[in-house]
Structures are given as C-alpha cells and as structure tokens.
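Here's a quick briefing to read alongside the coordinates. Have the viewer open and follow along topic by topic.

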Amino acid sequence: MTETTVNNLRRGVAAQSAPSSVNNSGENEAWQMEQLTLADMVGPLAHELHNVFNNMVLQAAIVGRSVPEPFREQIGAFRELAFRASKMLSDLDTYRHNVRFPRQPVDLADIVRRVIEKHQERGLAIHYEVQGAPAPVLGNETDVARLTELLVRNAHAAGSPVAVLVVRAEDRIALVVQDRGPDVESDRLYELFQPFAVTRRGQNSLERAACQTIARRLEAKLRATPREGGGVAVTVDFKSATA
Amino acid sequence: MPLVLLIEDHESSRKLMRDILSIRFDVAEAGRADEALRVLREKVVDLILMDMQLPGVDGLTLTRQLKANPVTQAIPIVAVSAHAMQQNIDDALASGCVAYVTKPLVDDPFVFVEWLSQWIPAVPRLTSSATPSTPATASHA
C-alpha cells in the first residue's frame, strides 16, 4: 500500500468524527463525498481479500492431502475459518452494493465543470473543453462528480498540466482526463485500476480502483491509453440517457 | 486429458487452482481477456473456468464475445467470482455460462474438480450441442 493510500485512509478515519463539528455546507458535502469514496474502496479491497481467502482454502486442500491424519481436522477447521471470514466480507459487500443512488439523466459537462472549478479555486491549472451538443448521460450527480474528482485528483498527482475533455458525439458521450505524468507501458495500463498495483508514483491506487467501482455502477466503460506526447489519458464512456 | 482454460487475473489463485485442476485435466492459463483469446486461437479447449472480474475486458463481456463466436460458442463456461449477488449470477447465466461458482469454494476443491468434469462435452465441439445432463439453473455455491 502506498504512503498516499495510507494517509488517505487515515484522513478518512479521522473524518468520521466530522459531521457534528462541520457546519459549513461545502465542507460537509466534501466530507460526505470522501465517505462515499471510502465505501467504494471497499469493493476492490474485498475482491483482493476474497482471493486471499480462496487461496487459503485451496492451499489447505492441497496440504490436507499430504499431512498425517491428526492434522487433517485442523486443516479442515482452517478452511472453515477462511470460508466464514469470506462470507462475512461478502455480506458487508452486498450491503454496500445495495446502497446506491437512482440513475437518471444528468448533464455530464455541467458536473465536470463544477468539479474543475473547485480545483481551479485551489490554484490548479486545468484545461477544460466540451465538444458537441448537450446530451444527457445516465447516472447520478454524486457518482459522476466523485468519478470526475478522483480522476482529476490522480491526474494531477501523476503530472500536470491536466486536460479534461467532454466529448458528445452521436454514438458516444465520454469524459477524457489527460495528464503529463510518467508513461505507462501499454500492456500495464490495466494495472492503473488495480487496488494494489503501483504503476505511477503519487497516485492513490485505491482511489483509482474506486473509479472502476463507480464506473461499473454507472454501467460506464473505463479505460486508459497512452497520451500523445507523453502521459496517460483515462476515458470514461457513459451510457447515453436518450439511447 | 480434457483441456481446461483457466482465466484468472490473480496470479497466486491461478497457480493454486492450476495445481488442483491438473489432477484431472490439462490446464491452459490466461490472466486477461486478450491472453484467453490467444489461447483459444491456438488450442482446442474443452471447458473454460472464467473469473468474472478481470482487468480491462471483464469476464461477462468476454463470455458474451465467446458465445457470439461460432468457433467458441459451444465451449462450456463455468463462471467463478467472489460476488454472490443474485444479479451477478443471473447476468452470468444469461450470458451463456453453464454454472456460477463463488469464491472461496464451499466444497473440497478436489470434489469441485470432479464436479467440473460433468460439463466436458463427450463429442467434438463443432458437431455437438454439448449440453450437459444437469440443467444450468443454479449456482454451485
């Protein structure tokens, strides 16, 4: 886990005492957004843990065939523990999965603009461009805003200048976030959305993995490609609300 | 021995599952959709064990692609996933998977391997309907 990841998790834990002390609605909204993002990090973490538990079960089965009889009961108990831990995790993940916002037509360009304005208020330079006529996408403001925020935040962490593009064509509505950070080999680009893969210094791998979680929930497609001239472009293809 | 294509992105899970599968099957491996497609171009596969949560093209999309392709559509696909939600199971079965298995495995993994063999077609794929005796309506969870 990267230092940035750990710091963000600590920040999240510390923020749990925030509601009663936060009066400013802007700060409260930001706190809620961070909490939702932490919840979306549970998905990729749970996936990793399930694999760990599954490995324990498989390993126990292999070992169980070769150990003397007295140890087989212990191996069985070990398997049972791994299975029960995984079941608890599944229940938690199912609960989290079922807490979702209803999808409706939203204005992607407007949501992205508001997210970028907040970054610009903090002095970060972002080039923002909208192509094509207005067209709603299927989603909800909270998820689309958080997805944009996480992508822009991590693009800055990778390397500026950052350029954000909303493409509204007949057959697709996409958000493209481009950075000038270090290049990533084409066959390793998929690792950008893996929870524990460190592909670029400064980026938060759990936040990137949470982007995948949010995109799936929105039924959007997320992919990374090399950016012309250096860096990475992350594209989110949204589902049109009018299709 | 029949050839099983094991598609699993988690390297250590893939290795352990390969060790267990290999007592009953020949095993080809892939960690991603493009690797799986390459194996399918090069080998005659009898059964696919498909992790549904793959990086890039996910298991559900890959299953739909394989079922839409006349060359691969008859290969039985058993879905494997950590997600046990009904919607995930319904989606996998609707896409053409013959069964849905949740991780971690509930059964003894060596019993699971025997269970898998029921999905191996008895006659050559391209001339067979390749329908196993047991209807694929329930998950193996």
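What follows is a short tour, from confidence through the folds to the interface.

This is a predicted model, where local features need pLDDT of at least 70 and side-chain atom pairs count only at pLDDT 80 or more, while totals for chains, interfaces and linings use all residues. Residues are numbered from 1 along each chain as its sequence is written, chains are lettered from A and ligands numbered from 1 in the order in which they are written, and side-chain values use heavy atoms, with hydrogens and water left out.

**Confidence in chain A**

- Chain A averages a pLDDT of 82, and 86% of its residues score at least 70; pLDDT is the predictor's confidence in each residue, from 0 to 100.
- Where pLDDT is low, the predicted coordinates should not be read in detail.

**Chain A: overall make-up**

- Chain A has seven helices and seven strands; these are DSSP runs numbered from the N terminus, helices (H or I) of at least four residues and strands (E) of at least two.
- Of the 243 residues in chain A, 48% are buried, meaning under 20% relative accessible area with a 1.4 Å probe, protein chains only.
- Take the contacts in chain A between residues at least 6 apart in sequence: 70% of them join residues at least 24 apart.

**Chain A: the sheet**

- Five strands of chain A make an open, mixed sheet in the order E2-E4-E5-E7-E6; strands pair if DSSP finds at least two bridges between them.
- Strand E2 (126-131) and strand E6 (221-226) of chain A each have a single partner strand, so one side of each is left without a neighbour in the sheet.
- E5(A) runs antiparallel to strand E7 (residues 232-238) of chain A over six bridges, and Val177(A) has Val234(A) as its bridge partner.
- Helix H5 (residues 108-121) of chain A packs on the sheet, touching E2, E4, E5 and E7 of chain A, and its direction makes about 170° with that of E2(A); axes are lines fitted to C-alpha atoms, for helices over the stretch in contact, with angles from 0 to 180 degrees between N-to-C directions.

**Chain B: the sheet**

- Chain B also has five strands in an open sheet, here with parallel pairing, in the order E2-E1-E3-E4-E5.
- At the edges of this sheet, strand E2 (26-30) and E5 of chain B each pair on one side only.
- Strand E4 (residues 77-81) of chain B pairs with E5(B) over four bridges, with Val80(B) opposite Val101(B).
- On E5(B), Ala99(B) and Val101(B) point one way, Tyr100(B) and Thr102(B) the other, and all are buried.

**Where the chains meet**

- The interface involves 26 residues of chain B in contact with 26 residues of chain A.
- Together the two chains bury about 2300 Å², 59% of it on carbon and sulfur atoms; buried area is the accessible area (1.4 Å probe) that two parts lose on being put together, summed over both.
- Leu16(B), Met85(B) and Pro104(B) supply 26% of the area that chain B buries against chain A, more than any other three residues.
- Arg79(A) sits in helix H4 (residues 69-98) of chain A, and the residues that Arg79(A) touches include Val57(A), Val106(B), Asp107(B) and Asp108(B).

Conventions:
Buried means under 20% relative accessible area, exposed over 50%, partly exposed in between (1.4 Å probe, protein chains only). Contact means heavy atoms within 4.5 Å. Lists of a residue's contacts leave out its neighbours within four places in sequence.
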